[in-house]
Amino acid sequence: MFDDRKNSNSLFLLIQNMIMTTDIRKDWTIDDIHNVYNAPLLELVFRAASMHRKYNDTAEVQVCTLLSIKTGGCSEDCAYCPQAARYNTGVDVQALMKKEEVLVYAQKAKDAGSTRFCMGAAWREVRDNKDFDRVLDMVKGVNEMGMEVCCTLGMLTETQAQKLADAGLYAYNHNLDTSSEYYNEIITTRTYDDRLQTLDHVRKAGVTICCGGIIGLGETHKDRIKMLHTLATMPEHPESVPINALVAIKGTPLENNQRVDIWDMVRMIATARILMPKTMVRLSAGRNEMSIAEQALCFMAGANSIFAGDKLLTTPNPSFDEDNIMFQMLGLKPREAFKAEKAQTLAEAVEEMIH
């Protein structure tokens with residue numbers, strides 16, 4: 001049934017957003033971000049929550065599901081990753097899944113409330129072979145289900161990014177992980193510039209970008225600020241920024257790192273929200289160790305996206321049932337798929353009416 005009140009309200013919010021431009025900045029300096037990040041915590045959260053309310057529906061959270069479609073055996077040396085072949089972490093190497101298996105998993109995720117489905121393969125880079133062709137078929141299949149489809153497959157060429165776009169890819173995840181200065185302490189098998197180049201290829205192909213980082217790697221607060229600076233000064237802000245807390249895995253070089261303090265997560269999320277008001281800020285890895293109260297603080301600080309389902313690639317994650325209970329308790333609801341595109345279509349219609 002057509003709801004006039006709902007549509008009128010949506011139209012009002014859309015017009016309001018169209019005239020709000022002063023907060024969307026891409027000229028942040030390191031000093032600017034330092035001052036935001038180091039503000040008194042309650043003041044920081046209040047400012048972030050106000051910004052979040054100004055640009056987003058604060059009761060709405062994007063529910064995403066991440067599936068490892070090819071597990072283990074990666075040639076990279078990412079110090080946090082249990083899928084690196086050089087580390088003895090107990091992760092069994094598994095070949096690329098069949099399309100039919102992936103689509104069954106995607107349907108289950110959709111039925112449980114997910115609107116974005118992300119497929120991850122433990123590859124250093126995409127190669128033009130039958131496996132990539134199979135991934136393209138998976139992308140087409142998930143896209144036809146009406147879900148936003150995302151992939152994280154390692155480095156991409158411009159041509160490969162375009163093939164994924166043509167198959168219906170909505171988003172590509174390629175995290176920076178940390179600052180450019182600290183990066184070599186965590187990864188030596190590819191450079192920071194390699195990561196930025198892949199993001200450039202994705203953007204040129206017209207695919208949205210999902211790019212964030214991990215805290216708890218041993219980095220300093222200055223490194224965190226510099227990573228956020230890189231993200232917030234891109235020509236276009238990433239549409240999605242995951243903030244991950246390290247899940248220390250036995251057998252990796254970072255197995256003895258301490259759990260990230262919840263206040264560090266809140267501070268990172270709040271700062272990201274202020275720097276990138278319209279971006280989906282995802283409360284990602286590490287959520288399994290957080291209470292509902294701690295997660296609520298993150299949502300208050302501006303997080304509006306989560307991964308749902310029992311696993312994040314190979315690490316534990318809260319179940320759909322647990323998240324449903326949390327959503328009911330906090331009064332949250334899942335964000336619909338392709339909302340940004342629907343809003344853009346409505347904005348174009350409003351602009352045409354105005355003129």
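**Note on the salt bridges**

1. Arg 259 and Glu 289 are joined by a salt bridge, with N and O 3.8 Å apart. The term stands for a side-chain nitrogen of Lys or Arg within 4 Å of a carboxyl oxygen of Asp or Glu. Arg 259 sits in the loop between β7 (240–245) and α9 (262–275), and Glu 289 in the loop between β8 (280–283) and α10 (292–300), so the pair ties together parts 30 residues apart in sequence. Helices (H or I, at least four residues) and strands (E, at least two) are DSSP runs, numbered from the N terminus.

2. The model is predicted: local features need pLDDT of at least 70, side-chain atom pairs count only at pLDDT 80 or more, and totals for chains, interfaces and linings use all residues. Residues are numbered from 1 along each chain as its sequence is written, and side-chain values use heavy atoms, leaving out hydrogens and water.

3. Arg 259 is partly exposed at 48% relative accessible area, and Glu 289 is partly exposed at 46%. Partly exposed lies between buried (under 20% relative accessible area) and exposed (over 50%), with a 1.4 Å probe and protein chains only.

4. Salt bridges with shared partners connect Glu 76, Arg 124, Glu 125, Arg 127 and Arg 190 in one network. Within it, Glu 125 and Arg 124 pair at 2.7 Å, N to O. Arg 124 is partly exposed, at 26% relative accessibility.

5. A search of the whole structure gives 20 salt bridges. One of them joins Lys 333 and Asp 57, whose closest N and O atoms are 3.3 Å apart. This pair links distant parts of the chain, 276 residues apart: Lys 333 is in strand β12 (residues 333–334), Asp 57 in the loop between α3 (41–55) and β1 (60–70).
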